[in-house]
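Reader: Could you walk me through this one? I'd like to start with the overall layout.
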Amino acid sequence: MLQAGADAEHVDAAQHRKELPFLDFDNARFPIKGGLFQRRGGTARHDAVAWGYARGADSRGVDILQHCEVTGFQMEDGRCIGVETSRGPIRAKKIAMCVAGSSSRVASMAGMRLPIESHVLQAFVSEGLKPVLPGVITFGAGHFYVSQSDKGGLVFGGDIDGYNSYAQRGNLPVVEDVCEGGMAIMPVIGRARLLRSWGGVMDMSMDGSPFIDKTHIDGLYFNGGWCYGGFKATPASGFCYAHLLATDQPHPVATQMRLDRFMTGNLIDEKGMGNQPNLH
Amino acid sequence: MLIDHPLLGPRDAAEFIYLGDLSLIDRPDWQAEDAMQQFHDYGYLRDNPAGSHQELWYHEQGDRSWLVVTRDTLTHEISKVELARDVARERGRDK
């Protein structure tokens with residue numbers, strides 16, 4: 001993490017015991033020996049982020065058309081020159097796709113197949129509790145994360161279900177797995193009631209890493225494949241995509257995020273899992 | 001999500017490991033002229049439809065057979081379950 005420029009401090013178990021006494025340090029299966037602490041990290045209110053960007057874009061002259069579904073792409077001499085929508089055609093010099101979850105559905109309108117499978121990721125919220133949890137706590141072996149919202153509910157989740165899905169809901173085995181992960185690290189949540197659960201649609205890519213690239217069709221660009229790490233990458237992803245759209249060159253930090261990297265052998269497979277989207 | 005195994009009856013999907021699109025059953029010919037492109041498309045590109053999807057599931061915690069499941073990715077409704085062996089043979093393979 002430090003080599004990649006992300007601040008991280010090693011913290012030993014003794015320090016954690018002072019600050020997070022409710023963790024199950026002496027768990028027989030997953031004893032806690034220490035941790036990595038990123039002070040700058042935390043949560044952001046996602047609705048506020050979306051509205052903030054929308055207001056910012058709107059104030060800079062961007063037209064945001066709601067209830068307007070893209071139904072096709074207009075092509076001329078092998079070049080993309082616009083989109084067909086449920087509210088009529090829109091011509092453009094450059095057309096930029098950024099529809100994670102539905103990347104394959106939209107790209108297929110341009111005759112493209114992508115190195116992406118859409119998978120469901122479930123998330124959960126408990127009933128409101130008095131402040132108990134500072135920051136965000138994650139537990140690698142259980143692939144579990146938890147934080148506490150302003151309303152007091154614990155927001156937590158874990159693995160994807162593991163099969164292609166656009167249903168925006170998952171199944172019970174994962175609910176059990178996630179709760180087991182939570183109990184393994186902080187059994188204190190055991191008596192809290194589950195208030196709400198839902199599922200989203202993830203662009204799971206073949207190597208677990210995203211794409212910010214031109215397509216093979218002139219005038220058509222693609223940003224997707226962020227798996228379950230898209231929201232936190234929004235500012236950087238948007239910035240790099242804007243750079244690509246404006247200059248037709250990738251931003252220096254995003255040069256690897258190519259659609260053709262599986263052909264050239266330049267995979268960004270951080271986990272070394274291979275071309276199996278449900279393992280990333 | 002229950003998968004109605006042709007031999008064993010309905011089993012929870014958690015007994016299985018999911019591989020992916022049925023197209024993975026058709027491994028390209030490594031000696032073809034365009035083998036490189038074919039293997040790339042076979043290994044890395046997917047249709048990923050929102051709707052009816054044929055896919056391969058491995059019954060790891062059961063009889064360790066491979067199944068071809070026809071499932072709607074919008075509703076998770078499973079309309080057909082076959083032994084992969086039977087599907088492969090229908091496609092002209094010997095196993």
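Reader: How many Å separate the centres of domain 1 of chain A and domain 2 of chain A?

Author: In this predicted model, the centres, taken over C-alpha atoms, are separated by 30 Å. Local features need pLDDT of at least 70 and side-chain atom pairs count only at pLDDT 80 or more, whereas totals for chains, interfaces and linings use all residues. Residues are numbered from 1 along each chain as its sequence is written, with chains lettered from A and ligands numbered from 1 in the order in which they are written.

Reader: And which residues belong to which domain of chain A?

Author: Domain 1 covers 9–41 + 117–205, while domain 2 covers 68–115 + 209–279; the bounds come from an automatic or database domain assignment.

Reader: How many residues does each supply to the contact?

Author: Domain 1 of chain A gives 12 residues and domain 2 of chain A gives 14, where contact means C-beta atoms, placed from the backbone, within 7 Å.

Reader: Which strands supply the domain 1 side?

Author: Strand 7 (116–128), strand 10 (153–164) and strand 11 (194–205) of chain A each supply at least two residues of the side that touches domain 2, and strand 11 has the largest share, with 6 residues. Strands are DSSP runs of E, at least two residues long, and helices are runs of H or I, at least four, both numbered from the N terminus.

Reader: Changing topic, how many helices and strands are in chain A?

Author: Chain A holds 6 helices and 13 strands, and its C-alpha atoms fill a box of roughly 65 × 40 × 35 Å along the principal axes.

Key:
Two residues are in contact if their C-beta atoms, placed from the backbone, lie within 7 Å.
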